[in-house]
Amino acid sequence: MVNMHKLPTIDFTNKRSLKPGSTSWLATSIEVTRALEEYGCFIAEFDKVTPELNDAVFKGLQDLFDLPTEVKMQNKSAKPMYGYVGQIPFIPLYESMGFDYANTADGVQSLVDVVWPNGNEAFSATILAYNKLCDELEEMVTRMVFETYDVEKNFDDHRKMVTYLCRCMKYRAPEENESNKGFVPHTDKNFITVLHQNGVNGLEVKARDGEWFTVDLEPSSYIVMAGDGAMAWSNERLHSPFHRVTMNGNESRYSIAQFSFLDGIIETPKEFVDEEHPLRFKPFHHFKYLEFFHKEENRRLESVLKAFCGV
Ligand SMILES: O=C(O)CCC(=O)C(=O)O
Ligand SMILES: [Fe+2]
C-alpha cells in the first residue's frame with residue numbers, strides 16, 4: 001500500500017507544559033481541531049504513561065490473554081463488547097476484553113466484574129493507573145475542541161455525562177494461507193477514542209478521499225480519534241473515520257482503546273448550525289444509539305448514525 005497520507009503528530013509531552021489559555025495550548029487546540037476535521041484522528045506524543053507503566057500494562061495483557069478461555073469468559077457483562085469477546089468467525093485473529101469503569105470527580109471509581117491474572121489487585125491497579133492518564137489526554141483534547149469552536153460554556157455539562165469503556169485487544173499473527181484481516185472497517189460509535197499499541201503496527205485509516213493508509217506508531221505514541229458521537233455533536237465538522245486492522249509480520253499485536261461515551265443526550269449546539277450548515281442529526285441518547293447499532297440488521301449500514309438520527 002502506498003501511503004499518500006500521513007497523520008499529523010501533535011506534541012502533548014510534558015516539555016510543552018500545556019496550560020489552558022497559554023500560547024502553546026491555543027496553538028495545540030487549533031492543530032487538534034483541524035486534524036479531527038481533516039482525518040478524524042491524529043497521533044499524540046504523550047509521556048504521562050511512563051515506560052515502566054507501559055511495560056506493566058502490556059505484560060499484564062499478555063498474561064491476561066494467555067489465560068484459558070474458560071477463565072477469560074468469566075469476564076462477562078450485559079453490555080455488548082464489554083466482557084470477553086472470544087473468537088469472531090470472520091476475523092479469527094482478533095480477541096478482546098472490555099472493562100467498564102466509572103470516572104468521577106474524585107478519580108477512577110471501579111472496574112466491574114473483572115477476573116484478572118496474577119491475582120486481581122496487581123493488574124487492576126496497573127490498568128486503572130493507565131486509564132486515568134489516558135482519560136486526562138481525552139479530557140484535554142475535548143476541552144481544546146470545545147474552546148476552538150467557541151462552545152466552552154457547554155464543556156462542564158458535557159464532562160458530567162462522560163463515561164468510559166476500556167477495551168483491550170489481542171491480534172495474533174496470521175498463519176500461512178490465513179487472511180491477515182485483524183478487524184473489519186468501522187467507525188467508532190463513541191465520542192472520542194484514545195488508542196495505544198504494543199509497538200506492533202496494524203491500524204489503517206481511510207482518508208476523506210477514500211484512500212486507506214497505514215498508521216506507523218512509535219511505542220510512546222497514541223492515536224486520538226473522533227467517533228460518531230463527536231461527528232453528530234459537531235454537525236459533521238469533526239470526521240469519524242473508517243479504520244481497520246491488518247496484521248503483517250509474525251508478532252502478536254496488543255492494543256488498548258479508551259472510548260468516551262455520554263450517559264445522556266448528544267445535541268448539536270446552535271453554534272454549529274446556520275443557513276449553510278443545516279442541522280444534520282436530531283438529538284439522541286448516546287446509549288440508545290449503541291443499542292441500535294448492536295441490532296444485527298443495523299450493523300452493516302453504510303452510515304449507522306444517519307439511519308438512526310439523520311435529519
Ligand atoms: O486495535 C486497534 O488498533 C483498533 C481497534 C478498534 O478500532 C476498536 O476497537 O474500535
Ligand atoms: Fe475502532
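**Entry 1**

I use the following cut-offs throughout: a residue is buried if 20 or more other C-beta atoms lie within 10 Å of its own, exposed if 12 or fewer, and partly exposed in between, with C-beta atoms placed from the backbone. S17 sits in the loop between β1 and α1 (23-38). Helices (H or I, at least four residues) and strands (E, at least two) are DSSP runs, numbered from the N terminus. I noted that phi of S17 is near 35 degrees, a positive value in a residue other than glycine.

T13 is found in the loop between β1 and α1 as well. T13 counts as partly exposed, because it has 13 C-beta neighbours inside 10 Å. I also recorded a distance of 35 Å between the C-alpha atoms of T13 and H285, which are 272 residues apart along the chain.

**Entry 1: Basis of the model**

Residues are numbered from 1 along each chain as its sequence is written, and chains are lettered from A and ligands numbered from 1 in the order in which they are written. The model is predicted, so local features need pLDDT of at least 70 and side-chain atom pairs count only at pLDDT 80 or more, while totals for chains, interfaces and linings use all residues.

I found an average pLDDT of 89 for the protein, with 91% of the residues scoring at least 70; pLDDT is the predictor's confidence in each residue, from 0 to 100. For the complex, the predictor gives an ipTM of 0.99 and a pTM of 0.94.

Is N235 buried or exposed? N235 counts as buried, because it has 20 C-beta neighbours inside 10 Å. N235 lies in the loop between α6 (228-233) and β12. Its phi is near 55 degrees, a positive value in a residue other than glycine.

A122 belongs to helix α4 (residues 120-148). I listed A122 as exposed, because it has 12 C-beta neighbours inside 10 Å. Between A122 and A56 the C-alpha distance is 9.8 Å, and the two are 66 residues apart in sequence.

**Entry 2: β1 and β2**

I examined strand β2 (residues 41-45) and found four of its five residues buried, so the strand is largely enclosed by the rest of the structure. Strand β1 (residues 9-11) pairs with β2 in the parallel sense over three bridges. Two strands pair if DSSP finds at least two bridges between them. In this pairing, D11 stands opposite E45 of β2.

**Entry 3: The four-stranded sheet**

I traced an open sheet of four strands in the order β7-β12-β9-β10, with antiparallel pairing. Its edge strands are β7 (181-186) and β10 (212-214), each of which pairs on one side only. On average, neighbouring strands of this sheet are turned by 25 degrees against each other, direction ignored. Axes are lines fitted to C-alpha atoms, for helices over the stretch in contact, and angles run from 0 to 180 degrees between N-to-C directions.

I then followed the sheet pair by pair. Three bridges join β7 to β12, and F183 has V245 as its bridge partner in β12. Three bridges also join β9 to β12, where L203 stands opposite V245. Strand β9 (residues 203-206) is joined to β10 by three bridges, with W212 of β10 as the partner of K206.

Which residues of β12 form its covered face? They are H243 and V245, whereas R244 and T246 make up the uncovered one.

**Entry 4: The shell around ligand 1**

I listed the residues around ligand 1 as R167, M169, F183, D188, L195, Q197, L203, H243, V245, S255 and A257. A residue is near a molecule or strand if its C-beta atom, placed from the backbone, lies within 6 Å of it. At least two shell residues come from each of β6 (162-171), β8 (192-197), β12 (243-246) and β13 (253-262).

By class, I found six nonpolar, three polar and two charged residues in this shell. Ala, Val, Leu, Ile, Met, Phe, Trp, Tyr, Cys and Pro count as nonpolar, Asp, Glu, Lys and Arg as charged, and the others, Gly among them, as polar.

**Entry 5: The annotated range**

I consulted UniProt, where an unreviewed entry lists residues 162-264 for "domain: Fe2OG dioxygenase". UniProt positions are given in the numbering used here, feature names are shortened, and annotations may be inferred rather than shown by experiment. Over residues 162-264 I recorded 6% helix and 48% strand, with the end C-alpha atoms 8 Å apart.
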